[in-house]
Amino acid sequence: RSVNIVAFGNERDGFSEDNQQPSLFWSYLRRSALISQIDSSLSASHVGNPVFTEYQACVFGNVRLVVHDCPLWDIFDSDWYTSRSLIGGADIIVIKYSVNDKTSFQDIKESYVPMIKKALNHCSVPVIISAIGARKNGVPCTCPLCTSDRRSCVTTSEGVQLAKELGATYLELHTLNDFYIQKYFGDVLEYFMIQSLNQKSSEKMKKKKKTQKCHRVQPPQLEQPEKMPILKGEASHYDADLHNLLCCCQCADVAFCPEDLSTVVEAHKVILCSASHLFMLLFEVKSPADIHDASIVHMAQSLFAVEEGAARGVPPGVPPVRVVVKDAVFCSCLPDILHFIYSGAFQWEQLEEDIKKKLKDPEKTEHVLEKVKCILKTPGKLNAVKDCRSHQIKRLYNTSLRLFFNTPVLADVIFKIQGATVPAHRAVLVARCEVMAAMFNGNYLEANSVLVPVYGVSKDTFLSFLEYLYTDSCCPASILQAMSLLICAEMYQVMRLQHICELYIITQLQSMPSRELASTSLSIVSLLKKAKFHNSDCLSTWLLHFIATNYLIFSQKPEFQDLSAEERNFVEMHRWPSHLYLKQLADYRNYVHSQKCHCAVM
């Protein structure tokens, strides 16, 4: 017997200095008298970024308790396949938030609660909403990279309203002490655990009674089909791709240098403009009238000087635009600042540490950091920052690089496809795609051409492919579109996009009812042939198992004859139901008919 609990959200408000404060579930497991044999482990999408913590323990003596604690809601954006699986296997769902983090609460309410409601889809899984912390007021956070407001708290009525929308139980835990953990949160959680165990026991007893109901000759037992191969998503390397672009300096179109022109630091306009309104102003992507912030305009004029007539896009083979940095101290720290920006502009503490080590002067350090804050600030917002924490700052690229997707602004390459043109930026393409990196930097015609023809793929598919390169996300509209995008991803050797398309196709086919599968015009065998031809081994193996598992449906379709001899042998060997079961079923029917009695099942 077991109980599976899935918890989403962070009980910390993001402003607390105590980042070592134990989580809600760790506090409960350590303090409850009903819990024993606690074990925990981390599951990570990539090193250093845990997706969830898994706790395993025993409750009520011998009941296995499994808790998946997901502090970051990003799992719904970056790994929806895992998040859907977690919700599908949950007996109890717990949603946590800090009453002092209004922005996070709004994200939960507007973005993630609708996803949870859709995933539950009328399932009777109990949900507990835990509002954690004592409400407090404080000085507003004025970090240019932080969208939080410390003055606003989540009210009780807002929490109760959210609970009503989900049909959930609402709890307020003012602090994580013994009373709130054991007597309040613990009692409610244990009540739902007992309810879950009772429901499972009841279902088990009903199944047992059905099997014991009749003592006649029983029909053959149909075994479950073989488990499908499991495909695991590949971790994103989006930030690393863009950071490597800075390190290798491929396709650089801007060169920063001090006033004496002694050193040069190369960079890329599209990356800088995606992170900063100041750079948009500097490279004439926006005008001062568009910025509406005198401090940004003044900083751009006082800190940088761009060569006349060289602000716009640079054609291939033309030297990068020279930008003179008027502040010598700032210029000495520019490599560290660029590494910070290219890494997603969220590792603020690391930037502070690097600049402190380099300058070894508190006043100069503060001087440089203030300029960085002004460079990265949002127009119209204050710039005085006392505390800038990395966990408050969202990565920039996957939202801001979208501004430059399919737009001629700063574009330095134009793809010609199906009679239409698609503008793009070599820096993004080279960073995200090794094939394009070789194409634009090798001894190929495209290396020195602005207009590049594209063959073998439709315009819509190629646009979806470019959108993934710019944003690290894609959302195919259909299985056929996902297959076309998979073929394009294989052609350009973008393996993660290929895996995303594979998971999408598998998920859509798994959710298709048998009646729809039997009547659909979609050819699964054709998908199998394409997957094999384009080296999608995981998908082709899965599709073979899918055909074998739905043997009675596919064996009646004309496309079944298109399977190769090897594929047909595999399907026959792994078919469900098996030949043996069908023979036993035929014998049982003959027995029932000969005895002139009613079926033991019906």
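1. A residue is called buried under 20% relative accessible area, exposed over 50%, and partly exposed in between (1.4 Å probe, protein chains only). By that scale Ile414, with a relative accessible area of 33%, is partly exposed. The model is predicted: local features need pLDDT of at least 70, side-chain atom pairs count only at pLDDT 80 or more, and totals for chains, interfaces and linings use all residues. Residues are numbered from 1 along each chain as its sequence is written, and side-chain values use heavy atoms, with hydrogens and water left out.

2. The protein has 602 residues, of which 48% are buried. Its accessible surface (Shrake-Rupley method, 1.4 Å probe; for residues, only the protein chains shown count as cover) is about 30700 Å², with 52% belonging to carbon and sulfur atoms.

3. The secondary structure consists of 27 helices and 14 strands, taken as DSSP runs numbered from the N terminus (helices H or I, at least four residues; strands E, at least two). Ile414 is in strand E12, residues 413-417.

4. Of the contacts (heavy atoms within 4.5 Å) between residues at least 6 apart in sequence, 67% join residues at least 24 apart.

5. On cysteines: a disulfide is counted when a pair of cysteine sulfur atoms lies within 2.5 Å, and the count by this rule is zero. Cys475 is in no disulfide, since its nearest cysteine sulfur, that of Cys474, is 7.4 Å away. Cys475 is exposed at 73% relative accessibility, whereas Cys248 is partly exposed at 42%.
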